[in-house]
Amino acid sequence: MRSALRQLCTHGIEALRPQKVNNKWRKPVVSPRVAADLRKASIRAGTYGSFDASTGIGWDPLWDAPKAKPIRLTNDTVNGEEGDVQYLNKGGNYGGIQLTLLRPPKDTKRQRTREARAQKIEAL
């Protein structure tokens, strides 16, 4: 049995979280990378959803890392109307609205010129 599995059997979810001891933070006993490997192995084995502490087989869904929070947009930010709140996942789109349309990426310093900046200011 792997050390990480042994720690999960004895400590449970606390092995996956950082601990504050004597006003200092300690790393999690089981690193996120090893936890992801154990989770994937349990999915492949078909034991995801339950964990047996005596054998160390399975993965408890409560141990999964929290998902990234979506970016919150209001309608007036998107198309000038007030009202609903829309959610946009990072890198994704919502209703055909690309994240890049909201704020285009900056050019590198070589690509930015005084002339281009002056044209942007005059266009406003």
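## Partly exposed, and where Arg33 falls

A residue counts as partly exposed when its relative accessible area lies between the buried limit of under 20% and the exposed limit of over 50%. Arg33 has a relative accessible area of 47%, so Arg33 is partly exposed. Please keep in mind as you read on that this is a predicted model.

## The pair inside helix α2

Which residue does Arg33 meet in a salt bridge? The partner is Asp37, with an N to O distance of 3.0 Å between the two side chains. Helix α2, spanning residues 32-45, holds both Arg33 and Asp37, and their spacing of 4 residues is about one turn of the helix. Asp37 has a relative accessible area of 33%, so Asp37 is partly exposed as well.

## A pair that links helix and loop

Helix α2 also contributes Arg39, which forms a salt bridge with Asp64, the closest N and O atoms being 2.7 Å apart. Asp64 sits in the loop between β4 (57-58) and β5 (71-74), whereas Arg39 belongs to helix α2, so this pair ties together parts that are 25 residues apart in sequence.

## Glu14 and Arg17

How many salt bridges are there by the distance rule? The count comes to 3, and one of them joins Glu14 to Arg17, with 3.8 Å between the closest N and O atoms. A salt bridge here needs a side-chain nitrogen of Lys or Arg within 4 Å of a carboxyl oxygen of Asp or Glu, so the 3.8 Å of Glu14 and Arg17 meets the cut-off. In general, side chains of opposite charge can pair when their charged atoms come close.

## The surroundings of Gln19

Glu14 and Arg17 each turn up again around Gln19, a residue of strand β1 (residues 19-21). A polar atom of the Gln19 side chain lies 3.3 Å from the backbone oxygen of Arg17. Beyond its neighbours within four places in sequence, Gln19 is in contact with Glu14, Lys24, Trp25 and Arg26.

Gln19 is partly exposed, with a relative accessible area of 28%.

Terms used. Residues numbered from 1 in each chain as written. Predicted model: local features only at pLDDT ≥ 70, side-chain atom pairs only at ≥ 80, totals over all residues. Heavy atoms only, no water. Helix = DSSP H or I, 4+ residues; strand = E, 2+ residues; numbered from the N terminus. Buried < 20%, exposed > 50% of the residue type's maximum accessible area, 1.4 Å probe, protein only. Contact = heavy atoms within 4.5 Å. Polar contact = N/O pair within 3.5 Å; in protein donor to acceptor, adjacent residues only side chain to side chain.
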